[in-house]
Amino acid sequence: MKRLVSTRNLSKEDWLRYRKCGITGTDAGAILGLNPYRSAFQVYYDKISDTIENIDNEAMRQGRDLEDYVAQRFSEETGFKVRRANAIYQSEEHPLLLADFDRLIVGQKAGLECKTVSPFSADKWADGKIPAHYLAQVDHYLAVSGFDCWYMAALIFGRELVIHKIVTDKQVLSDLIDKEELFWTNHVVPQIPP
């Protein structure tokens, strides 16, 4: 993977503009039809449109504001040191794949995705489950990075911190990359809606 651009002093508008140049981790679940909040058509329209979709809501704000806390709690629980990635990364083998990682784990070929979860959605995390669109996001990050594993730390408000380790499955990643590249080639490039 290579650093496409530093995000240290990048405006939100420029950050969103860079994300239009390829498929990101949050696009993965929507493209696969797994994201309950975003459709493949919305991803398609965002990629072909000149307008910048600056979508924000209270849940997204809380997720950003609490990301440091979730990362800190992950470090306390695991003993792993984490650092900010501060960049949009690009797969060298599949340049269409972009990623903006929450954290990288120091001394490992691994990363960390931080989530905040409403108590009303806690059941989606019960018994070791991970919501499918979040798993697709992490698989996308594994595809971009070439790392061995990725961790997901989810803070379920008022209840618990859930930590999962997702190990690279080459077949899953190959299928995901194929579907993402087909989406781009069959829909975004010719501007044919999915």
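## Sheets, a pocket and a buried valine

Strand β1 (residues 2-6) and strand β3 run antiparallel and are joined by 4 bridges. The model is a predicted one. Within this pair, Val5 stands opposite Ile88 of β3.

On to the next partner. Strand β3 also pairs with strand β4 (residues 98-99), again in the antiparallel sense, over 2 bridges. Gln90 has Leu98 of β4 as its bridge partner. Tyr89 has Ala99 of β4 as its bridge partner.

Put together, 3 strands form an open sheet. Their order is β1-β3-β4, and the pairing is antiparallel. Strands β1 and β4 are the edges, since each pairs on one side only.

How are the faces of β3 (residues 87-90) covered? Ala87 and Tyr89 lie on one side and are buried.

**The five-stranded sheet**

A second open sheet has 5 strands in the order β2-β5-β6-β7-β8, with mixed pairing. Its edge strands are β2 (82-84) and β8 (160-167), each pairing on one side only. On average, neighbouring strands of this sheet are turned by 30° against each other, direction ignored.

Helix α6 packs on this sheet. It touches β6 (110-117), β7 (149-156) and β8. The direction of α6 makes about 150° with that of β7.

Strand β2 runs antiparallel to strand β5 (residues 103-105), and 3 bridges join them. Arg83 has Leu104 of β5 as its bridge partner.

Strands β7 and β8 pair in the antiparallel sense over 8 bridges. Ala153 has Ile163 of β8 as its bridge partner. The two strands form a hairpin, with 3 residues between them. In the turn, Gly158 has a positive phi of about 70°.

| Strand pair | Bridges |
|---|---|
| β1 and β3 | 4 bridges |
| β3 and β4 | 2 bridges |
| β2 and β5 | 3 bridges |
| β7 and β8 | 8 bridges |

**The second largest pocket**

What is the volume of the second largest pocket? The value is about 260 Å³. The pocket is lined by 17 residues. Glu93, Leu142, Ala143, Gly146 and Leu173 lie nearest its centre. Helices α6 (132-145) and α7 are the elements that give two or more residues to the lining.

What kinds of residue make up that lining? They divide into 7 nonpolar, 6 polar and 4 charged.

**Val188 in helix α7**

Helix α7 covers residues 170-188, and Val188 is found in it. Is Val188 buried or exposed? Its relative accessibility is 8%, so Val188 counts as buried. The cut-off for buried is under 20%.

Which residues does Val188 contact, leaving aside its neighbours within four places in sequence? They are Tyr44, Lys47, Ile48 and Phe183.

Sequence distance and distance in space can be set side by side here. Val188 and Tyr45 are 143 residues apart in sequence. In space they are 8.3 Å apart, C-alpha to C-alpha.

Conventions: Residues numbered from 1 in each chain as written. Predicted model: local features only at pLDDT ≥ 70, side-chain atom pairs only at ≥ 80, totals over all residues. Heavy atoms only, no water. Buried < 20%, exposed > 50% of the residue type's maximum accessible area, 1.4 Å probe, protein only. Contact = heavy atoms within 4.5 Å. Pairing = 2+ DSSP bridges. 1 Å grid on protein atoms, 1.4 Å probe; cavity = no way out; pocket = protein on both sides within 12 Å on 5 of 7 lines; lining within 4 Å. Points joined across faces, edges and corners; volume = space filled by probe spheres on them. Nonpolar A, V, L, I, M, F, W, Y, C, P; charged D, E, K, R; others polar. Axes fitted to C-alpha atoms, helices over the stretch in contact; angles between N-to-C directions.
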